[in-house]
Amino acid sequence: MNLPLAPEAVTAHRAGVVAIVGRPNVGKSTLLNRLAGAKLSITSSKPQTTRHRVTGIVTRPAGQIVFVDTPGYQTGHRSPLNQAMNRSVTSSLQETNAIVWVVEALKFDERDETVAKLLPPGVPVVLAVNKTDAVKDKNQLLPFISRLSLQREFVAIIPVSAEKGRQLDDLLNTVLPLLPEGPPLYGADEITTVNERFLAAEALREKLFRLLGDELPYSTTVEIDLFRQEGGLRRIHASILVDKEGQKPIVIGSQGGKLKTIASSARRDMERLFGGKVFLEVRVKVRRGWSENAATLRRMGFDS
């Protein structure tokens, strides 16, 4: 006969939403991908790569954490696109059970302070000090963390390296008890709530950030014109939108070489993520002022 467990031995299952926030280029997307175990949010060395909320679902026996990667909060140019991204950040903060605030090790400035002012009172915050692997003198970390502890009350301050995957179990173990008791929000095999159409557009947009110059990627976006599954093959037609006529030949490159490299690299990423063959056709179109066009922003998934 199996005796019932004593009440104190029973651990309640927990589930909830955790927003990952921070200024641009502190490693939020890399952190989400590491935690979820899949490349869901695009990354590059350029700041402000992320434009949308992307979820990564982490399921453990004790609970389920739905992490939400948010765009870096924009404090500079306030274009309609940047304003839409900022609204995405602030709305995420109002719909979360806990927050992971990411700062870069040994780097804290007025942009981080702006994010700190957005953190709602009453929501538990875990501070993740990222990129600790890049700090040569680890003795500098303790005084840096001590200064950060004066910013506000934190549940914990955890030094991590999203790039190397260090201390992430500590982060998960700290966040999980902050969530409400309840059943899983999603199936155990689900790792995100965004659809494949969105992931395909983002995979292609990442290559624009990685393979074009410093400024041009910010003037581009991607629209999926066709996404159809034919057996084990995904047939995808996509358009890269640029803001000016003169930008189009730069994206296409000599004899189409640059566009071919961008599309081939994106296709390989899609096949790894989707676990199947992808036929990808990409063209470049000029749509002047797309980042200020309400209809285009709605198609990108932003509220007007």
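Accessible areas here come from the Shrake-Rupley method with a 1.4 Å probe, and for residues only the protein chains shown count as cover. On that basis, the protein chain has an accessible surface of about 14,900 Å², and 49% of that surface belongs to carbon and sulfur atoms.

This is a predicted model: local features need pLDDT of at least 70, side-chain atom pairs count only at pLDDT 80 or more, and totals for chains, interfaces and linings use all residues. Residues are numbered from 1 along each chain as its sequence is written, and side-chain values use heavy atoms, with hydrogens and water left out.

**Overall build**

The protein chain holds nine helices and nine strands. Helices (H or I, at least four residues) and strands (E, at least two) are DSSP runs, numbered from the N terminus. The C-alpha trace spans about 70 × 55 × 40 Å along its principal axes. Of the 304 residues, 48% count as buried. Buried means under 20% relative accessible area, exposed over 50%, and partly exposed in between (1.4 Å probe, protein chains only).

Contact means heavy atoms within 4.5 Å. Among contacts with a separation of 6 or more, 71% are between residues 24 or more positions apart.

Most residues other than glycine have a negative phi.

**Aromatic rings**

A pair of aromatic rings is described by the distance of the centres and the angle of the planes. Rings of Phe, Tyr and Trp (its six-membered ring) pair if their centres lie within 6.5 Å; planes under 30 degrees apart count as stacked, over 60 as edge-to-face and the rest as tilted. The whole structure has four aromatic pairs. One of them joins Phe-209 and Tyr-218: the centres are 5.1 Å apart and the planes stand at 85 degrees, so the pair is edge-to-face. Phe-209 is buried at 0% relative accessibility, whereas Tyr-218 is partly exposed at 25%.

Phe-227 and Phe-274 also pair edge-to-face, with 6.2 Å centre to centre and 80 degrees between the planes. This pair links distant parts of the chain: Phe-227 sits in strand β7 (residues 220-230) and Phe-274 in helix α8 (residues 257-274), 47 residues apart. Phe-274 has a relative accessible area of 11%, so Phe-274 is buried. Elsewhere, Trp-101, Phe-108 and Phe-154 form one aromatic cluster.
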